[in-house]
Amino acid sequence: MDGGSMEDAMVGGGYTDEPHVLAVDDNLIDRKLVERLLKNSSCKVTTAENGLRALEYLGLGDEKRTALGDNVSKVNLIITDYCMPGMTGYELLKKIKESSSLKEIPVVIMSSENIPTRINKCLEEGAQMFMLKPLKQSDVAKLRCNLMNCRS
C-alpha cells in the first residue's frame, strides 16, 4: 500500500475534509466540467448521467432493495442539472426529499435557463441552492462553503 497517505488511513467512515459530491447531468461535457471544478476544490466526485442512475447509486432505484447501501452515508451533496430526459432535476430533488434516509443531503440544482418560477419551485421543494450553468470555480467555492456550513 504505497499510494495511500496518512489522511486516507484516517478517513475511516466519517466525514472528512474531502466532501463526497454526486454530480448528475445528462450532458457529458457539463458533467466533466462539474467534476473537474469539484475535484479542483478537493471534493470526491461520483457522476451519474441521469436521475434514475443517481437514485440507483443512492439506493432508491430498485424497489426491491429497501436496505440502503453504504453509498448514502458517503454522499455529502448532490448537484443535479434541471433539464434531463426521463427524470428532471426537480423530480430527482422531490424523490430525495421524500426519502427519510436521504432528505438531509443538500441538493443543488443547476440550469442554463434563468427562470425565476423554476428556481423558486426548486427552492420551495428543498433545494439548497440554484446555480446557473456553466458552473465556474467561484460557484464551486460558494458551494463548498455552503456545504461545510450545513455539515458542521
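Student: What makes β4 and strand β5 count as a pair?

Tutor: Four bridges join β4 to strand β5, residues 129–132. Pairing takes at least two bridges, so β4 and β5 qualify as paired strands. The two run parallel. Keep in mind that we're looking at a predicted model.

Student: Which residue in β5 is the bridge partner of Ile109?

Tutor: That's Phe130.

Student: How does the chain get from β4 to β5, and what is the handedness of that crossover?

Tutor: The path from β4 to β5 goes through α6, and this β-α-β crossover is right-handed. To check by eye, point the strands away from you: a path over the helix that runs clockwise is called right-handed.

Student: Where do these pieces sit in the whole chain?

Tutor: The chain has seven helices and five strands. Starting at the N terminus, their order is α-β-α-β-α-α-β-α-β-α-β-α. Among contacts between residues at least 6 apart in sequence, 63% join residues at least 24 apart.

Student: Back to Ile109. Which residues does Ile109 touch?

Tutor: Leaving out residues up to four places away in sequence, Ile109 touches Thr80, Tyr82, Gly89, Tyr90, Leu93, Cys122, Ala127, Met129, Phe130 and Met131. Its β5 bridge partner, Phe130, is in that list.

Student: Which residues touch the most other members of the largest nonpolar core?

Tutor: That core has 23 residues, and Leu22, Val24, Ile78, Ile109 and Cys122 touch the most other members. The elements giving two or more residues to the core are β1 (20–24), α3 (51–58), α5 (89–98), β4 (107–111) and α6 (116–124). α5 gives the most, with four residues. There's also a second, separate core of 17 residues, including Val21, Val34, Val45 and Leu135.

Student: Is Thr80 buried or exposed, and how do you know?

Tutor: Thr80 has 0% relative accessibility. Buried means under 20%, so Thr80 counts as buried. Thr80 is in strand β3, residues 77–81. Its contacts, setting aside neighbours within four places in sequence, are Val24, Gly89, Leu92, Val107, Val108, Ile109 and Met110.

Student: And how much of the chain counts as buried?

Tutor: Of the 152 residues, 41% do. The accessible surface of the chain is about 8,500 Å², with 50% of that belonging to carbon and sulfur atoms.

Student: Let's talk charges. Why is the contact between Arg118 and Glu113 called a salt bridge?

Tutor: The rule asks for a side-chain nitrogen of Lys or Arg within 4 Å of a carboxyl oxygen of Asp or Glu. Arg118 and Glu113 come to 2.6 Å, N to O, so they meet the rule. Arg118 counts as buried at 15% relative accessibility, while Glu113 is partly exposed at 34%.

Student: What about Glu35 and Lys32?

Tutor: Their closest N and O atoms are 3.7 Å apart. The limit is 4 Å, so this is a salt bridge too. Both residues lie in helix α2 (residues 28–40), three residues apart, which puts about one helical turn between them. Glu35 is buried at 14% relative accessibility. Lys32, at 48%, counts as partly exposed, because exposed means over 50%.

Student: What makes Asp139 and Lys142 a salt bridge?

Tutor: Their N to O distance is 3.9 Å, and the cut-off is 4 Å, so the pair counts. Asp139 and Lys142 are three residues apart in helix α7 (residues 137–150), about one turn of the helix. Elsewhere, salt bridges with shared partners join Asp25, Asp30, Asp81 and Lys133 into one network. By the rule, the count is 10 salt bridges.

Student: How do you know whether Asp139 is buried or exposed?

Tutor: Its relative accessible area is 8%. With buried set at under 20%, Asp139 counts as buried. Not counting residues up to four places away in sequence, Asp139 touches Met131, Leu132 and Pro134. The C-alpha atoms of Asp139 and Leu38 are separated by 9.9 Å, though these residues are 101 apart along the chain.

Methods: Residues are numbered from 1 along each chain as its sequence is written. This is a predicted model: local features need pLDDT of at least 70, side-chain atom pairs count only at pLDDT 80 or more; totals for chains, interfaces and linings use all residues. Side-chain values use heavy atoms; hydrogens and water are left out. Buried means under 20% relative accessible area, exposed over 50%, partly exposed in between (1.4 Å probe, protein chains only). A nonpolar core is a set of buried Ala, Val, Leu, Ile, Met, Phe, Trp, Tyr and Cys residues joined through side-chain atoms within 4.5 Å. Contact means heavy atoms within 4.5 Å. Accessible areas come from the Shrake-Rupley method with a 1.4 Å probe; for residues, only the protein chains shown count as cover.
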